[in-house]
Amino acid sequence: MTDRPIPADFELVETTVADVHAAFEETTLTAEGLVEVFLDRIERHNDALNAVITTNEAAMDRARALDARFTSHGLTGPLHGIPVAIKDNHDTADMPTTAGSVRFAEFVPESDAVVVERLREAGAVIVAKANLQELSFGVDSVSSLGGETRNPYALDRRPSGSSGGTAAAVASNLAVVGTGTDTCSSVRSPPAFTNLVGLRPTIGLVSRTGIVPLSLTQDTAGPITRTVEDAARVLDVLVGFDPADPVTARGADQVPADGYVAHADPSGLEGARIGVLRDFFGASDPTNSAADTAPAVTATVEAALATMEAAGATVVDDVSLVDPDRLESARVVGDEFERDFDRYLAERPATPVDSLRELAESGTVAESVERRLLDGDILDTDVDTLETNPAYLRSLADREALRTEAIAGLVDADLDAVVYPPSAVLPVEIPEHQPFSEMRCELAAHTGLPAIVVPAGFAGDDIPVGLELLGRPFDEPRLFELAAGYEAAADHRRPPADFE
């Protein structure tokens, strides 16, 4: 290791992929030095955050190999030498993949998830596997293996979930960028609560092979980053057809020829038309523990709408795409969880349990997650007859109907996107549970349409608030333009004070 891992004039906190690569090109920074410093930051700060479950013992060797490669060939790929934190439900052949379960603490898959393969091929250095809501089942980010992840902007509060560990790590600069997965909120509400950017791609754009599933109909991986441009860089790497996941055939011809980074345009709001989904504002349940914070969220997003108008957008207030009450009918997590999780286990004989039921009844799962598994109807699904189950088939049909209706609404009103808060309320204080009833995740999750979250500002005691933009299928380029335009106009990103 070097005496000075990074040059004195290199701004590590809030650094971007472009910043790092510029320093590599100037030969003032090495991947080895950069990775060393990020591993040190994880060691120093993770006890306060519980953001990381495992660090990669091979990260330094990987960085040295990339430095040698750079000397002879230049950058290996678009993420050359970039320290990345990935959610610990991504299969990794060189590290345990646990989904937050203490029972899986020693389980190492035989191969990487496809998204991990693509990150490595792009030159990324996986420095950490991030904590999460155990099995991705909920929105608190608590697990039997990793404990309770804390919000870096207020350590007594939740970061939301289930990708809360990745969000906490990226927000507090324990990695340059990260990835999460989203079944219904998980790459959107954690970034909203931690002043970050998160993108849920259109279903069919990113492979799900090798990701511990919750609901294959709704699951997708996506980037969690500090800037819109870096989210675009990560998406450029993740996308592509995967024969093992045939749904990716839908997105095979939808990736823009110039990539996504070209669309991170700071003037992207000029001439845009954005509809406001007023039905998604305000608390749904006035009795929940965070309902009184809804006005603060609304006020913050209202200010963001004014910023959008000032940056050249036409804000159409208000619009409706679908009846919000119909969204619940399209939820299939309860139907698919046991089926899809058990298939994942069956394909990996070395796993420590053979079924979701066995794991749920083992007495090892985090209490709040175990209670939901055992007290709900998750384990009562007859998975053998699911494909002929009328209620399940109606839910799938409802999804298609809602998708068509939402796209038609965007086209009819000539809208580039619609906007709403990812959560109608602020993060709750631990040990309260984040109310799922206040998440506004279902429109994207139940239609498969893309959505991006960007920082909207701060409310209450400097607690981050996000705003979400949802667009047409495979229109991620336009979402990046809108998000980058807002980011440039608002400039809300700042690191948490305790982790600068």
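**Entry 1: D230**

I began with the contacts of D230: leaving aside neighbours within four places in sequence, D230 touches T16, V17, V176, V177 and T225. I note here that the model is predicted. I placed D230 in helix α7, which covers residues 228–238. Is D230 buried or exposed? I looked up its relative accessibility, which is 2%, so D230 counts as buried; the cut-off for buried is under 20%.

**Entry 2: α2 and α3**

I next looked at helix α2 (residues 31–49) and helix α3 (residues 59–73), whose axes come within 8 Å and cross at roughly 160°. Because angles over 145 degrees count as roughly antiparallel, I logged α2 as roughly antiparallel to α3. The crossing of α2 past α3 is right-handed.

Which residues meet there? From α2 I listed A31, E32, V35, E36 and L39, and from α3 A59, M60, A63, R64 and D67. I sorted the residues of this contact into six nonpolar and four charged, with no polar ones.

**Entry 3: Nonpolar cores**

I then turned to the largest nonpolar core, which has 112 residues. Which of its residues touch the most other members? They are M308, L469 and L470. Helix α2 gives this core its largest share, eight residues.

Apart from neighbours within four places in sequence, M308 is in contact with L269, I274, A313, V315, V419, L467, L469 and Y486. I also found a second, separate core of 22 residues, with V333, L356, A366 and L373 among them.

Key
Residues numbered from 1 in each chain as written. Predicted model: local features only at pLDDT ≥ 70, side-chain atom pairs only at ≥ 80, totals over all residues. Heavy atoms only, no water. Axes fitted to C-alpha atoms, helices over the stretch in contact; angles between N-to-C directions. Helix = DSSP H or I, 4+ residues; strand = E, 2+ residues; numbered from the N terminus. Parallel < 35°, antiparallel > 145°, perpendicular 65-115°, else oblique. Left-handed = near helix turned anticlockwise from the far one by under 90°. Contact = heavy atoms within 4.5 Å. Nonpolar A, V, L, I, M, F, W, Y, C, P; charged D, E, K, R; others polar. Core = buried A, V, L, I, M, F, W, Y, C linked by side-chain atoms within 4.5 Å. Buried < 20%, exposed > 50% of the residue type's maximum accessible area, 1.4 Å probe, protein only.
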